[in-house]
Amino acid sequence: MPAVELDVYLFVAAVLFVCGAVCMATKRNAIGVLMGVELVLNGANLNFVAFARYTALGLDGQVIALFVIVLAAAEAAVALAIALSFYNNHLTIDVDRGNELHG
Amino acid sequence: MDLETYQSTLARLLTTAWLLPLCGFVIEIFAGWWSNRRSKAAAYLAVFCIATGFVCSLTALLYWGEKTEWAAFAGHAAGHGEAGAEHAAGAHDGAHANAAHHAAAGAAAHATPAYPLAVSGTHYVLVQFGRLRVAIDYYIDSLTLAMFTMVTLIASLIHVFAIGYMGDELTDDHEDHEVHTSHGHLHRPGRYYRFFAYLSLFSFSMLGLVLAGNVFLVFVFWELVGICSYFLIGFYTERRSACLAANKAFIMNRVGDFGFLIGLMILWTWFGTFQFAERTEDGQTTPGLFQMLRTPEGEILRLNTQSGQRVVLVDSHGDPLLDPTTREPKTVPYLLLVAAGMGIFAGCIGKSAQFPLQTWLPDAMEGPTPVSALVHSATMVAAGVYLTGRFYPMFMPEVLLAIAYVGCITLFLAATIAVVATDIKRVLAYSTISQLGYMMLGLGVGAWGAGLFHLITHAFFKSLMFLCSGAVIYGCHHVQEMPRMGGLRRKMPITAYTMLVGVIAICGLAIPWPTVFGEKIAFSGYHSKDAIVAAALTFAQLNPKHILLFLLPLVGAGITAFYMFRLWFYTFAGTPRDEHVYEHAHEAPAVMWIPLVVLSLFAAFCAVGGEEGPLFKLLLNSEPAGVAAGRESAVPGGISIPGHAAVAANHVAAGVDALIVAGLGAFLAYVFYGVRWLNPAEVKNQFAGLHRFLIEKWRFDELYDVMFTRPVHIIARWCTWIDRTVFDGLLHAAARLALDVARWDRKFDEGVVDGLVNKVGDLTFATGRSFRVIQTGRLRQYVMFIVVGVIVIGVAGILFVTQLRAG
Amino acid sequence: MSDNALLSLIIFLPTIGALGLMCFNAKAEEAMRNFALVITAATFVLTLLLLGRFDPAQAGVQLKVLAEWIPNWNVNYFLGVDGISLPLVLLTSLISLLGMLASWSVKKQIRGYLILYLLLETGMLGVFLALDFFLFYVFWEVMLLPMYFLIGIWGGPRREYAAIKFFLYTLAGSVLMLIALLMFYFGSGADRTFDLIRLAEIGQGRVPGVQFSEFVQITAFILLFIGFAIKVPVFPFHTWLPDAHVEAPTPISMILAGVLLKMGGYGILRVAFPICPVGAQYAAYCLVLLGVISILYGAFAAMAQTDFKRLVAYSSVSHMGYVLLGIAVWKLADPNLGTTAGAEYWESGINAAMFQMLAHGISSAGMFFMVGVIYDRVHHRDLNQFGGLMGLMPEYGGLAVGIFFAGLGLPGLCGFIGEVFSVLSAWNYSPLLAILSAAGVILTAGYILWAVQRVYLGPEYKGPHREDITPMNGREASVGYVLLAFAIILGVYPESMFGLMRETNKQLVVNMTEGYENSKKNAPKVSAVTPDLGEGVLFDPIAIPANPGAGALAPAIRGR
């Protein structure tokens, strides 16, 4: 069977990445943004795994992917806590309503 | 007895007379410690000192006469003028006069070779630089002796007079009615002893002046008599007028001394000595000033060079002096000699209150009357005349002419002011100035003997008149204005008639025709003034251009008679003008009138015999060589100076002229003030402008105020202004500049150096600020930036890598 | 006591006294004053001993003291006296003693005052006794600082201004002197020296192979002259004087006028003249002119003052003008050869100038003291508010009038001899300037008599504090009597001082004349020395030890 080429993985990963990025940029809902982040992270994970399979990277890529998953979980926990706190303060989770980071 | 003893005896006697008053002064000035203010001890001490001085002087004179075998009187009977001895008249002997000695040359050639008529020596050396030397020298000749005797005699009498006159100072609480303070009249302790201390100091200075053997020493004592005069004029220090008068006297004298100093500089530089007489030391003889300038015959050796006329200096034999290095004869420019003479004479002008420095003397009458008598009529003011006489060989004909004119102007000017003065002492003061003018005139026209003759006679009669006026003032309780007097002869007869003696003497009145013992009946002034007028007449005949030199003194003689008799009639004759003054007037006590009587005797008889009398002969003995012969001018139109013979020829004519004029003046005074036929007030109104001009003393005070006093003060203020604004201004400007530099430095530090650092900080900050814009706080935007950034970086990285690969 | 110890002790006894004052309890003011008085009196006695050992017949420097100080630079502790310095040393110790007697009027911070006073005395005596230019310079500066504080702390209302003005003026002079000092040092040939006698010999061309060029002499002379002229003070440089005098306390004014001003004249005679004969001759006319201007200008300015002390201060300017006049009347018969015309007149001028310095030291110190006495009582100095003091304080009035007349130049008192002989010697130099200077006698009489009239004469005292006018106490009277006595002694017997200085001054005239002639003779050869003054050497300190023999030469104070 013709082997699935690396390009395909990279393409899918790129689509995921772009989708995630677009999601982050366009969603006003904080949860949506988080979801976009997950997409981006998973796009990157796919790349790691793919490169681990097709190059001499070996296990390293998969290990990093695992790290990323753990990181994503932690990040999601923190992010959700921030969102909750945001909601407590603003009674909304529309990120455009919060500009405390404004310089 | 040898020469040395002779010399030292004379020197010791006169030095004792000279130094005693100084010792007296030192003791008297501290009388506040050893005596009290009610004691006359200081006065007695002062009288003792000066009287002992008189005895010494008289002894010296007699000793000198005896040792020189009375050569000065040329074989006449022994006796001397001051004693008023009867004297056999002898014919005037021209040949004798011709042989009279050059003052400084000593008497080498004449009849008395053993004992010279003039001696000189040194007490101690003041300073010496190489050949230049100034010492305390003495010089004794007949002039010195005559002056010494006259000064000590008059001073003794005035001291005695002052014992009485200054009596109101003998108190612990003296009230000065002329000084008003915030608590009424001024009360102060009496200053009796101080007055006598000053008088003693003055006597010392005056005698030192006469004894001085070099002109520098004369200058020293010149200043000292000046300062004594200052103290005595300002004796009533509380009176402002007295202080001002004292200052004026001293400063105007200093103006004259400025000239004196210039004269000294010229002599010091060109002659290298100040000595009158030659000096022998270690076998080497240094000629004195007069020997250097004149040959033993009294001639000067002129030399015409390209740089103008010069005078060759000679030694005592008349041979030219050679410069030690160049072996050329030493010469002095003639003009410088004239300048030196003028300079020295300027000093005499100041001291003798001659025109144009005459204004201080009337003001000096602020001093107590004995001071006016001693200092400001008889001795100090006559010192100018004395020096002119002493320095006679140094004066070139041009200077003599100047002296004559100064004297002539002065005598006329002062006489006119005296006519309108009403203060009794001021009339006498102007009269003094006028008489001093006569003396100067006499010296200027070549009558050396007559000028000094008048000096002596004037000293007697003027001090007499001053003392009389003092007695009047004392008797009238310090009233000095003549319009408040009158008829006083009934209250104070002794004063009045002794005064009359003085008045007649000064006016030169005489009864020429009936003679007593072959003598005219005349008081001293007649003889001396006559001699001067005769010389002036002769001079005017020889030099017709200068006829004024005869006319003014002649007119002056008339004016003198007028104002002197005016004074006498005003004061003593007629009816009292102020009853109050008259009521309280009284005759002076014996201690005051006895000196008056003694002085009146001298005023009357000291010149007995006139120009054949002993006093004149005594003086003539010191006459510089060449004066007796006179000098014909070498150049037509130049100045000729008459000799004795020429003057003698004119004597009778001049005497008659002067007598007539004086008689007229006296008669006029009698008409106005004696019998009061004419009213002087009408004349005064007739000539109101002239009267005013005379009352204002020819406006000299105003003139000097405008010409000198004010400019000096203005310059003084300028100097301070320059100091304050220019020099201090420059300094302050420099200080400000330094401060400014410091300020710029600060600006540079703060602006440039610090600014640069701050700029960098500011720039960083501003850059940061500008990035603020993109920190919108919108998360989605941030994400966009991240994405775009990643893409851009990615693309750029890829492009870079490919470029690299390709490159 | 050896000569060595005597001279050093004279200089440093006051310093020892200053150290001794440290041991006193700060409250024992009277004891400290008495102690300081004893020290100054002892110094005076020592200077009298010095006078006893001095041989006036000898012209050169006597009683020399020589020790190495900084051998690397050939700086020596070199002292000695001659006829020029000895009278001034006597004057200094006398005025210091009298000033100390007058110091009872100083009330605050006694200890500091006395210490500075004694240090000042050390500085002054050191200046007059030092024969090494470097040492001279050091003492010159040592004296400056105490003076600054004495005026700045114990002075009147404007004391800071006056003190700074005094300090800056004097410092400016010192800087110029320092430049000249370096010029001499580096121009003095291979074996460089600060020795004033040696430098004078070089300047006079008496040392074979080395001589200061005309240019160096003239430049150095001008520098030195300005430095000393500030101290004298001479006309354009005099404005520090009135301020310093007016603000200084009485004893300090006495010292300022009595001693400090003399340092200027002394410096000219000791340093500027002998080392730079050509410079001296070059500037002679200017010096005489400045002297005459000072005489007249000072007198005029004095006349316009209303402050008593300021009047006396300006009179100092006027009187010190005679000093400069007398010093500088050096006339040449032939400028190319340098024959002195009328050397005796110049000699008399120098003698008169020296005498005038001494006389002015006595009379001006006395005048300032007299002003101080009345100021202590009534606390003002306005001439228009005095009057009648003669009646209120007869003894004071008499003494004051005597001393003022000494200033006026009355014969028989000290002021006369100096004034009249410097004026007399001036005609030989320039008749015009002589006449102008003689005019000073009128102005002097004017302002002094006017002041005497306004202060002492008149009916009554017009100013404030009438009730405080009390007679002089014994201490004040003794100062007055001593000063007046000296004024009379110097006036009546001037030979007492002329005798000390005559030979030295005569030698000075001879040396200067020869020096000028030598300079003119050697003129072409002189340029050989000039390169030695190049910048590289002048400002490169390393070059000094490298110079052959410099360090080792200290013992060789050549041939004297």
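## Around Ala272(C)

Let's start with Ala272(C): setting aside residues within four places in sequence, its contacts (C-beta atoms, placed from the backbone, within 7 Å) are Phe221(C), Leu224(C), Phe225(C), Phe228(C), Gly267(C) and Ala280(C).

This is a predicted model, so local features need pLDDT of at least 70 and side-chain atom pairs count only at pLDDT 80 or more, while totals for chains, interfaces and linings use all residues. Residues are numbered from 1 along each chain as its sequence is written, with chains lettered from A and ligands numbered from 1 in the order in which they are written.

## Nonpolar cores

A nonpolar core here is a set of buried Ala, Val, Leu, Ile, Met, Phe, Trp, Tyr and Cys residues joined through C-beta atoms within 7 Å. The largest one has 492 residues, and Ala272(C), Leu14(B) and Ala536(B) have the most contacts inside it. Helix H13 of chain C (residues 343-378) is its top contributor, giving 20 residues.

There's also a second, separate core of 17 residues, with Met24(A), Ala50(A), Val95(A) and Val783(B) among them.

## Over in chain B

Ala246(B) sits in helix H8 of chain B, residues 240-270; helices are DSSP runs of H or I, at least four residues, numbered from the N terminus. Ala246(B) counts as buried because it has 30 C-beta neighbours inside 10 Å, the cut-off being 20 or more others within 10 Å, with C-beta atoms placed from the backbone. Beyond four places in sequence, Ala246(B) touches Tyr230(B), Ile233(B) and Gly234(B).

As for domains, whose bounds come from an automatic or database assignment, chain B has domain 1 (405-426 + 444-695), domain 2 (702-771) and domain 3 (776-807). The C-alpha centres of domains 1 and 2 of chain B are 72 Å apart.

Technical notes: Helix = DSSP H or I, 4+ residues; strand = E, 2+ residues; numbered from the N terminus. Buried ≥ 20, exposed ≤ 12 C-beta atoms within 10 Å, placed from the backbone. Contact = placed C-beta atoms within 7 Å.
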